[in-house]
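Please read them alongside the sequence and the coordinates.

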Amino acid sequence: MFLYASLRIDSLVYFTDENVDTGMPVRQYYMAVKKGLDWQGGALLPEPINLTGVETCNGVLSRDGKRFYFTRCAKNWQGKVICGIYMSIIKDGIWQKPIPLPSSVNDPNYTATQPALGRIAKSDREIIYFVSDRPEGRGGMDLWYTVWDDKRNRYSKIRNLGTRVNTAGDEMTPFYDLPTRTLYFSSTGHPGIGGLDIFSVFGERRKWTRLKNIGFPLNTSYDDLYFTVSRSGEDGFLASNRPGGNSINNETCCDDLYYYRWNEFIRITVKAVSY
């Protein structure tokens with residue numbers, strides 16, 4: 001099964017001052033199922049994840065499959081779009097009513113969005129990486145993190161990922177590949193091919209090494225983001241507005257989903273033996 005967020009617009013829609021707040025389409029979650037080599041479906045994910053008229057997107061499933069972190073967005077009293085991260089728990093096969101993360105994460109004055117999940121190597125506690133425009137960062141959108149303490153049922157103090165990752169530009173759409181302990185993210189601040197490029201770093205929390213641009217053809221001179229790696233490590237998905245996608249306006253107006261697969265993939269298995 002594949003979960004994804006989409007506006008699902010297949011025609012041009014024009015808005016005026018009278019209908020911009022009530023008729024504007026919002027992103028919702030959909031699901032598709034792979035049959036053979038093709039993805040089929042596009043069915044709307046039911047409540048309580050989706051809410052009618054509420055922007056819902058940017059989700060990540062916990063390693064045990066029991067928790068789903070995702071984003072909801074709405075305009076505040078100043079007309080600024082503010083996003084917050086929510087979490088839903090599955091119980092008896094049914095997703096429960098989502099609850100917002102605490103105000104330390106979901107600051108009502110700033111956006112918190114695009115959660116990604118990692119683990120502390122020593123304690124195995126869950127790390128929630130996310131994107132925010134709070135003013136203590138390097139500039140623009142930065143990557144931040146908090147650690148979930150399941151024994152005390154609380155989140156740690158919010159911290160910035162640091163200057164190895166964050167720049168004066170925008171960093172966004174993080175994805176943490178746990179087997180390789182690699183963080184993937186898109187940035188406008190690091191040297192790239194053009195637009196938003198996908199980068200990778202090795203480590204966790206504020207300790208990072210091996211920053212690199214993952215290169216062409218995954219990166220192009222257009223916007224490339226939402227990079228993910230499958231559990232097998234052999235393939236994955238990304239979003240891009242590169243030419244050749246499905247467009248109703250111009251050839252680079254919108255982000256489409258793309259699938260990639262490594263032509264050369266080497267799997268090395270290591271077995272530890274104690275003496």
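1. Two strands are taken to pair if DSSP finds at least two bridges between them, and strands (E, at least two residues) are DSSP runs numbered from the N terminus, as are helices (H or I, at least four). On that basis an open sheet of three strands has the order β1-β2-β3 with antiparallel pairing. Its edge strands are β1 and β3 (38-44), each of which pairs on one side only.

2. This is a predicted model, in which local features need pLDDT of at least 70 and side-chain atom pairs count only at pLDDT 80 or more, while totals for chains, interfaces and linings use all residues. Residues are numbered from 1 along each chain as its sequence is written, and side-chain values use heavy atoms, with hydrogens and water left out.

3. Between β2 (residues 28-35) and β3 the antiparallel pairing runs over six bridges, and Tyr-30 stands opposite Leu-44 in β3.

4. Tyr-30 also belongs to one aromatic cluster with Phe-2, Tyr-4, Trp-39, Phe-237 and Tyr-259. Rings of Phe, Tyr and Trp (its six-membered ring) pair if their centres lie within 6.5 Å, and planes under 30 degrees apart count as stacked, over 60 as edge-to-face and the rest as tilted.

5. A search of the whole structure finds 18 aromatic pairs. The rings of Phe-68 and Phe-70 have centres 5.6 Å apart and planes at 20°, so this pair is stacked. Both Phe-68 and Phe-70 are buried, where buried means under 20% relative accessible area, exposed over 50%, and partly exposed in between (1.4 Å probe, protein chains only).

6. Met-1, in the segment before β1 (2-6), is exposed, with a relative accessible area of 70%.
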